[in-house]
Amino acid sequence: MNRQIFDTQQVPAADRFGLWLDMLADTPGLMRIRTEHADDFVARAEFFDLGPIHLVRHRYPSLDGVRTRKLIQRSDADYYLLALTLAGTGIAGQDGQRGICRPGDFTFYDCARPQEHSHQGDDDGREPASSIVAFVPYDALPLPHRRLAPLFAARMSGTEGVGALLANYLIQLTGHPEQYHAADAERLAGVGLDLLSTMLGRHLVSDDAVPTEVRRRALLTQVRSHIRQHLGEASLSPQLIADAHHISVRSLHRLFEAEETTVAAYIRDERLERCRRDLADPTLRDLPIQAIAGRWGFRDKAHFSRAFRAAHEETPQAYRARHLERARIVNTPASVVNPKPTY
């Protein structure tokens, strides 16, 4: 996935704060910044474009910011801003509401309204503060704009429930962008919007605030995450999955019908994908194939071989041999693969 990095350490110390302010001038949430570290503002921002969503992962010294009506007129305003505090303590203020956010907490703003924000690093401001910010267009959320006003500048937990799923999603995505393809950006944005809509709906204390399809997709995301975390357990079953999410087995099956698959097929395919990756991993070349299969929930050797061959049109042994040979050739020094001629 594409990432653009902005690092003030690339310029002399005296120019760093000015460079940071110039960068902020191009963002939807333009603010007037004050800091005690203007003489040497060591900061970094990583930008990720997910189609409708724009993500920024920040690290900066302690600062205070204010967004005035004049600044609103100078920048794009039809956005919501969601901020996840990673380090330090943030204090948010908008429309007379005030929230204090510590690591793992979310806050939420309307960029079309004045706001105040303070983010202090740890150890009395000596350590950097950091956060992940998502800019979300108004029309990307299916929730009525007027209904969201009670949440502006509010603190929302990112350590439990749907909030934890959303926090993990943002941290994983911005922390390991190399694991995702640019072509997946729109689909990844859809997952994030579903989780965000559901979290906001939960904090509005009404499931009715969240459209049915959004609730379905958010629940599906939770179920898939649960399945991936328990793939190695041979006892994993629709009943256990349904119980973990407080729904009936029938409801669980209906959840997957819209995805044109079944619960059992999804579990099998996820297990086969993990096995495929391990079989092609040169660092696991000495691990027996049956151990790899068992690691991901396949306890019967014959059943695993049949399932793998049906999915990949070759046996696990043949697949492993082919990919390890390819890795050996790639990692062999060029002088060995193509020795220089001697005269």
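Because the model is predicted, local features were considered where pLDDT is at least 70 and side-chain atom pairs were counted only at pLDDT 80 or more, whereas totals for chains, interfaces and linings use all residues. Residues are numbered from 1 along each chain as its sequence is written, and side-chain values use heavy atoms, with hydrogens and water left out.

The protein contains 13 helices and 12 strands, where helices (H or I, at least four residues) and strands (E, at least two) are DSSP runs numbered from the N terminus. Its C-alpha trace spans about 75 × 70 × 35 Å along the principal axes. Of the 343 residues, 47% are buried, with buried meaning under 20% relative accessible area, exposed over 50%, and partly exposed in between (1.4 Å probe, protein chains only). Contact is taken as heavy atoms within 4.5 Å, and among contacts between residues at least 6 apart in sequence, 70% join residues at least 24 apart.

Strands of a sheet pair through backbone hydrogen bonds, either parallel or antiparallel; here two strands are regarded as paired if DSSP finds at least two bridges between them.

Strand β6 (residues 79-87) has 8 of its 9 residues buried, so it is largely enclosed by the rest of the structure. This strand runs antiparallel to β11 (residues 129-137), to which 8 bridges join it, and the bridge partner of Ala 87 in β11 is Ser 130. Strand β6 also pairs in the antiparallel sense with β9 (residues 105-110), over 5 bridges, with Ala 83 bridged to Thr 107 of β9.

Two packed helices are described by the angle between their axes and the distance between the axes. For helix α9 (residues 263-279) and helix α11 (residues 301-312), the axes come within 11 Å and cross at roughly 85°, the axes being lines fitted to C-alpha atoms, for helices over the stretch in contact, and the angles running from 0 to 180 degrees between N-to-C directions. Helix α9 is therefore roughly perpendicular to α11, on a scale in which angles under 35 degrees count as roughly parallel, over 145 as roughly antiparallel, 65 to 115 as roughly perpendicular and the rest as oblique. Leu 272, Cys 275, Arg 276 and Leu 279 of α9 make this contact with Phe 304, Ala 307, Phe 308, Ala 311 and His 312 of α11. By class, the contact comprises 7 nonpolar, 1 polar and 1 charged residues, where Ala, Val, Leu, Ile, Met, Phe, Trp, Tyr, Cys and Pro count as nonpolar, Asp, Glu, Lys and Arg as charged, and the others, Gly among them, as polar. The buried residues of α9 include Leu 272, Cys 275 and Leu 279, and among them are also Val 263, Tyr 266 and Ile 267. The 17 residues of α9 should span 24 Å at 1.5 Å a residue, which agrees with the 24 Å between its end C-alpha atoms; the expected span is 1.5 Å times one less than the number of residues.

Most residues other than glycine have a negative phi. Asp 95, in the loop between β7 and β8, has a positive phi near 55° and is partly exposed, with a relative accessible area of 44%. Glu 260, in the loop between α8 (249-257) and α9, likewise has a positive phi, near 60°, and is exposed, with a relative accessible area of 77%.

Arg 16 lies in helix α1 (residues 16-24) and is buried, with a relative accessible area of 13%. Not counting residues up to four places away in sequence, Arg 16 touches Thr 8, Gln 9, Val 11, Asp 40, Phe 41 and Val 42. Ala 182, placed in the loop between α4 (161-175) and α5 (185-203), is partly exposed at a relative accessible area of 44%. With neighbours within four places in sequence left aside, Ala 182 is in contact with Met 1 and Asn 2, and its C-alpha atom is separated by 9.8 Å from that of Arg 3, 179 residues apart along the chain.
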